[in-house]
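Let's take a walk through this model, one neighbourhood at a time. Keep the sequence and the 3D view open as you read.

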Amino acid sequence: MSNQTERINPARLSQVRTGVQLSMLAVLGQWAYYGVFRCPFLVPFVNCQVCPVITCWGRITSYFWGFWLLLPVSVLLAGRFFCGWLCPGGFINQIIGKFSWSKLRTRNQLVSFAPIGMVIALLAVAIIWFGFNNPRMMVPIRVGEFWSSLRLSFENASAAWLVRTFMVLGLTAAGLLVANMWCRFICPTGGLLELFKGMAILRVFKTNACNDCNACLRVCVMGTRPDEMNCTNCGDCLQACPIDAIKFGEKRQINDKTARSQIS
């Protein structure tokens, strides 16, 4: 596995990831757009099969169930791989993050505590979805051309829907202040995947040889280290470590091989 990671070209890996993200933007981008701007429900993406917006891609059964099957499969296979490779929203936030005022690639108590926002957002989504049956708070209007329909939708939405939508837009725009703020500290989907990513078969991780130099932290768009909070298995750090202490694969097997080689 060590030889395998040494052969990885970081520029090539980044190109492959960008290509995958662009492909997923083409596949899920329209649905993501409708979820933010046109979904009449407070929690988007979960009531698509009964949604009145018949033009939304979420009404396509294969899209809807394919997506909700992809999430658990991806987290069991490779943790928050969906966030780092497949999520259209994550890709947009990553682009915004390139122009951010602060990359916030540091380790301190504030940064460690900040992801609690994902837990709060996840709890809010659960309460709205299960406790209040995810109410419809906007009548989607499809009159006239694109911008007129969008404007009418906002004009006829409830206060709760407007608060939800402007919070999402505002926190995404806040990525210009702190890189990937939405993905790192707010996203409820990311928070859900974070809870279960420890079950992943494959992951990018630090071996016992790690000396905490934080070279990986300085190149990570999520401001974290391999296999720690907010790691999305993007692979950007694989070539950053000066002592080759970062690997990809099954963590236990690789650590066992490393230990045996040190003993021998």
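## A buried lysine and its partner

Lys197 counts as buried, because its relative accessibility is 11% (buried means under 20% relative accessible area, exposed over 50% and partly exposed in between, with a 1.4 Å probe and protein chains only). Lys197 makes a salt bridge with Glu194, and the closest N and O atoms are 2.9 Å apart; a salt bridge here is a side-chain nitrogen of Lys or Arg within 4 Å of a carboxyl oxygen of Asp or Glu. Glu194 is buried too, at 14% relative accessibility.

Some ground rules before moving on: this is a predicted model, where local features need pLDDT of at least 70, side-chain atom pairs count only at pLDDT 80 or more, and totals for chains, interfaces and linings use all residues. Residues are numbered from 1 along each chain as its sequence is written, and side-chain values use heavy atoms, with hydrogens and water left out.

How many salt bridges does the structure hold? The count is nine. One of them pairs Arg203 with Asp227, with 3.4 Å between the closest N and O atoms. That pair links distant parts of the chain, 24 residues apart: Arg203 sits in strand S1, and Asp227 in the loop between S1 and strand S2 (246-249). (Helices, H or I of at least four residues, and strands, E of at least two, are DSSP runs numbered from the N terminus.) Arg203 is buried at 13% relative accessible area, while Asp227 is partly exposed at 24%.

Now look at Arg225, in the loop between S1 and S2.

Which residues make the nonpolar surface patch of about 480 Å²? They are Leu76, Leu192, Leu195, Phe196 and Met199. To be in a patch, a residue needs over 30% relative accessible area and no salt bridge; like charges are joined within 9 Å, and nonpolar side chains (Val, Leu, Ile, Met, Phe, Trp, Tyr) within 5 Å. The areas come from the Shrake-Rupley method with a 1.4 Å probe, and for residues only the protein chains shown count as cover.

Helix H11 (residues 188-196) gives the largest share of this patch, three residues. Met199 lies in the loop between H11 and strand S1 (203-206), and Met199 counts as exposed, at 52% relative accessibility.

The model has 13 aromatic pairs, meaning rings of Phe, Tyr and Trp (its six-membered ring) with centres within 6.5 Å; planes under 30 degrees apart count as stacked, over 60 as edge-to-face and the rest as tilted. Trp31 and Phe45 are an edge-to-face pair, 5.5 Å centre to centre with 90° between the planes. They bring together distant parts of the chain, 14 residues apart: Trp31 belongs to helix H2 (residues 10-37), and Phe45 to the loop between H2 and helix H3 (61-78). Trp31 is buried at 3% relative accessible area, and Phe45 is partly exposed at 24%.

Ring pairs also tie Trp31 and Phe45 into a cluster with Phe64, Trp65, Phe67, Trp68 and Phe82.

Helix H5 (residues 88-97) is largely enclosed by the rest of the structure, because seven of its 10 residues are buried. Those are Pro88, Gly90, Phe91, Asn93, Gln94, Ile96 and Gly97.

In helix H8 (residues 146-155), the buried residues include Ser149, Leu150, Ser153 and Phe154. These four sit on the same side of H8, because they cover an arc of only 135° around the axis, taken from the directions from the helix axis to the C-beta atoms. On the other side of H8, Trp147 and Glu155 are exposed.
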